[in-house]
Amino acid sequence: MTAVVALGANLGDRAATLEAALAELRRLPLVDEVAASTPIESVAVTLDGPDDTEPAYLNAVALVRTRLAPSVLLGMLHAIEARHGRERRERWGARTLDLDLIAYGDVVSEDERLLVPHPRAHERDFVLVPWLEIDPDAVLPGRGRVADLLTALRGGGR
């Protein structure tokens with residue numbers, strides 16, 4: 001199965017943190033391949049919306065070919081975040097590392113412990129742009145083609 005994982009960091013050495021997280025993803029058991037996009041920079045998004053006074057994020061997307069169950073993979077993503085000093089004090093606060101499970105094949109789960117596909121992925125160009133770079137034919141389950149979602153997000157779908 002192919003999982004889509006979004007990576008982001010806006011504290012510390014962002015590029016080194018993303019590289020280290022990708023290396024850790026590649027070493028996970030039952031992970032056969034990890035393909036990653038080029039990192040892009042984006043403005044921090046807070047509960048009040050985009051905030052250019054906060055440190056900018058470096059974002060990337062990885063396609064992870066794995067035999068891990070989605071809930072197990074999510075637990076491992078949280079463990080990688082914790083090893084990189086991630087603290088969950090404030091929703092959408094600054095962070096050393098954020099790993100989001102965006103999609104896991106065609107799996108749809110509304111369980112609060114495992115929301116896939118990610119409920120806000122279609123609203124985030126910092127997820128859609130790097131995802132398209134590594135998979136131009138990408139589809140977000142329940143939402144459609146990622147290219148179309150990005151066009152709509154940028155106002156071209158109105």
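## A walk along the strands

Start by selecting valine 5, which stands opposite leucine 101 in strand S7. Before going further, a word on what is on screen: this is a predicted model, where local features need pLDDT of at least 70 and side-chain atom pairs count only at pLDDT 80 or more, while totals for chains, interfaces and linings use all residues. Residues are numbered from 1 along each chain as its sequence is written, and side-chain values use heavy atoms, with hydrogens and water left out.

**Stop 1: strand S1.** Now select residues 2-9, which form strand S1. Helices (H or I, at least four residues) and strands (E, at least two) are DSSP runs, numbered from the N terminus. S1 and S7 (residues 98-104) run antiparallel and are joined by six bridges; two strands pair if DSSP finds at least two bridges between them. How many of the eight residues of S1 are buried? Seven are, so S1 is largely enclosed by the rest of the structure. Buried means under 20% relative accessible area, exposed over 50%, and partly exposed in between, with a 1.4 Å probe and protein chains only.

**Stop 2: strand S6.** S1 runs antiparallel to S6, and eight bridges join them. To see the pairing residue by residue, pick alanine 3 with its bridge partner valine 64 in S6, then valine 4 with leucine 63 in S6. As you look along a strand, remember that in a regular strand the side chains alternate between the two faces of the sheet.

**Stop 3: strands S2 and S3.** Select residues 31-36 for strand S2, which runs antiparallel to S6 and is joined to it by five bridges. Here valine 31 stands opposite threonine 66 in S6. Then move to residues 40-42, strand S3, which pairs with S6 in the antiparallel sense over three bridges. Isoleucine 40 stands opposite asparagine 59 in S6.

Stop 4: Select leucine 30, in the loop between helix H1 (14-27) and S2. With 40% relative accessibility, leucine 30 counts as partly exposed. Now jump to proline 117, in the loop between strand S9 (114-116) and helix H3 (125-134). The peptide bond from valine 116 to proline 117 is cis, with omega near -5°.

**Stop 5: zoom out.** Show the whole protein, and you have four helices and eleven strands in view. The C-alpha atoms fill a box of roughly 45 × 35 × 30 Å, taken along the principal axes. Of the 158 residues, 44% are buried. Among contacts with a separation of 6 or more, 66% are between residues 24 or more positions apart, where contact means heavy atoms within 4.5 Å.
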